[in-house]
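Please keep the sequence and the structure in view while reading.

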Amino acid sequence: MGALAEQVVVPEDAIYPAPAHLSPEQSAALPLAGLTAYRALVFRAQARKGEKVLITGIGGGVALFAMQFALALGLEVFVTSSSNEKIERAIKLGASAGVNYLNPDWESELLKISGGVNVVVDGAGGAEFGKLIKVCSPGARISIYGGTRGPIQNLAPQPVFWKQISILGSTMGSPDDFSGMLNLVNAHKIVPVLDSIFDLNDVNMALARMDNGLQFG
């Protein structure tokens with residue numbers, strides 16, 4: 001196991017103090033999205049300093065945490081989105097570049113920009129999952145934490161085994177992962193990106209915003 005994934009054994013009933021540099025709203029964003037991103041990137045994909053990582057669907061909460069964690073750990077980050085505005089916002093936050101996956105040849109564009117990536121953090125799956133294989137360098141790891149675009153289709157096995165690609169499922173995390181995630185947030189003073197704060201009575205408005213893919217954070 002890589003140094004970044006070393007885990008400290010934590011009792012399951014342990015109490016985790018909220019990071020002192022965060023507001024209550026910012027702290028509330030950490031437990032699910034932050035934990036999911038940490039496990040996918042650090043524990044499952046074993047991301048290491050100096051590697052290149054592609055994070056798909058930037059703008060979602062898990063994707064943004066994955067980007068923030070990757071930058072804190074010294075990785076070079078590339079992103080995809082269907083929104084050029086979200087790509088630009090990600091670049092302002094530290095991503096090196098991004099491509100719009102509505103472009104039918106987005107994988108060729110990304111490969112040209114990045115030269116290939118070592119890690120992919122994906123929450124989409126879907127019919128174009130095979131394009132992720134194309135942008136992977138030999139020995140790359142793809143960590144999947146979601147399937148918002150449906151079943152994986154048209155995935156040829158040959159590029160997977162010839163390039164020695166690892167495809168890793170990941171979801172949420174353990175108490176050890178949670179402790180590691182909090183340690184990373186505290187050490188680098190990471191501040192979650194909040195898109196909006198809604199009153200509980202306006203929960204339907206919040207859900208509609210997410211359904212329409214308008215959120216960034």
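E128 is partly exposed, with 31% relative accessible area. The model is predicted. The side chain of E128 meets that of K131 in a salt bridge, 3.1 Å from N to O.

**The charged network**

K131 also pairs with E107. Their side chains form a salt bridge at 3.5 Å, N to O. E107 sits in helix α5 (residues 106-114) and K131 in helix α6 (residues 130-134), so this pair ties together parts that are 24 residues apart in sequence. E128, at 31%, is partly exposed.

A network of salt bridges joins E107, E128, K131 and K134.

**Another pair**

R48 and E51 form a salt bridge as well, with their closest N and O atoms 3.2 Å apart. R48 is partly exposed, at 44% relative accessibility. E51 is buried, at 9%.

How many salt bridges are counted? The count is six. Among them are these:

| Salt bridge | N to O distance |
|---|---|
| R48 and E51 | 3.2 Å |
| E107 and K131 | 3.5 Å |
| K131 and E128 | 3.1 Å |

**A97 in its strand**

A97 lies in strand β3, which covers residues 97-100. Is A97 buried or exposed? A97 counts as buried, because its relative accessibility is 13% and buried means under 20%.

Which residues does A97 touch, leaving out those up to four places away in sequence? The contacts of A97 are V77, F78, V79, I91 and I113. E76 gives a distance to go with this. A97 and E76 are 21 residues apart in sequence. In space, their C-alpha atoms are 9.4 Å apart.

**In short**

K131 has salt bridges to E107 and to E128. K134 belongs to the network with these residues. R48 pairs with E51, where R48 is partly exposed and E51 is buried. A97 is buried in strand β3, and its contacts include F78 and I113.

Technical notes. Residues numbered from 1 in each chain as written. Predicted model: local features only at pLDDT ≥ 70, side-chain atom pairs only at ≥ 80, totals over all residues. Heavy atoms only, no water. Helix = DSSP H or I, 4+ residues; strand = E, 2+ residues; numbered from the N terminus. Buried < 20%, exposed > 50% of the residue type's maximum accessible area, 1.4 Å probe, protein only. Contact = heavy atoms within 4.5 Å. Salt bridge = Lys/Arg side-chain N within 4 Å of Asp/Glu carboxyl O.
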